[in-house]
Amino acid sequence: VVDPRRLGADGLGEKATLVQFSTEMCSRCPGVHRMLSEVADARAGVRHLDVDLTHRPDLAQHFRVLQTPTTLVLDRRGAIRTRFGGPPGRAVIELELDRLLKENTHA
């Protein structure tokens, strides 16, 4: 379970959280940031957190980030449900959130 304070955030999304690990030198990260922000903004209870690993090798090691961007999809409790290395497609992010949110309504 991910503690949002470790990532420098005050909390997680009520239903899901998209955690993006980036670095200053990552050329694909800004585009992924825009897409994940749009997806999160369009869904109630979903939050997007962008964590810059440039000066946080401890976080890169802890989460085993070998490339940026790396995106984690967390459930409402902060458990990692899915991990994407490299730029994820919008469709796979949407599909994963649909699956996760459907599980939440049946739980």
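Colleague: What do the buried residues of α3 pack against?

Modeller: They pack against β1, α1 (29–41), β2, β3 and β4 (80–85). Contact here means heavy atoms within 4.5 Å, and helices (H or I, at least four residues) and strands (E, at least two) are DSSP runs, numbered from the N terminus. By the way, this is a predicted model: local features need pLDDT of at least 70, side-chain atom pairs count only at pLDDT 80 or more, and totals for chains, interfaces and linings use all residues. Residues are numbered from 1 along each chain as its sequence is written, and side-chain values use heavy atoms, leaving out hydrogens and water.

Colleague: How do you know that the span of α3 agrees with its 17 residues?

Modeller: The expected span is 1.5 Å times one less than the number of residues. For α3 (residues 90–106) that gives 24 Å, and the end C-alpha atoms are 24 Å apart, so the two agree.

Colleague: Which residues of α3 are buried?

Modeller: Ile 93, Glu 96, Leu 97, Leu 100, Leu 101 and Asn 104. Buried is under 20% relative accessible area, exposed is over 50%, and partly exposed lies in between (1.4 Å probe, protein chains only).

Colleague: What puts them on the same side of α3?

Modeller: They cover an arc of only 125 degrees around the axis, so they share a side; the arc is that of the directions from the helix axis to the C-beta atoms. On the other side, Ala 91, Leu 95, Lys 102, Thr 105 and His 106 are exposed.

Colleague: Why is Cys 26 to Cys 29 called a disulfide?

Modeller: The cut-off is a pair of cysteine sulfur atoms within 2.5 Å, and theirs are 2.2 Å apart, so the pair qualifies.

Colleague: What makes Cys 26 count as buried?

Modeller: Its relative accessibility is 10%, so it falls under the limit.
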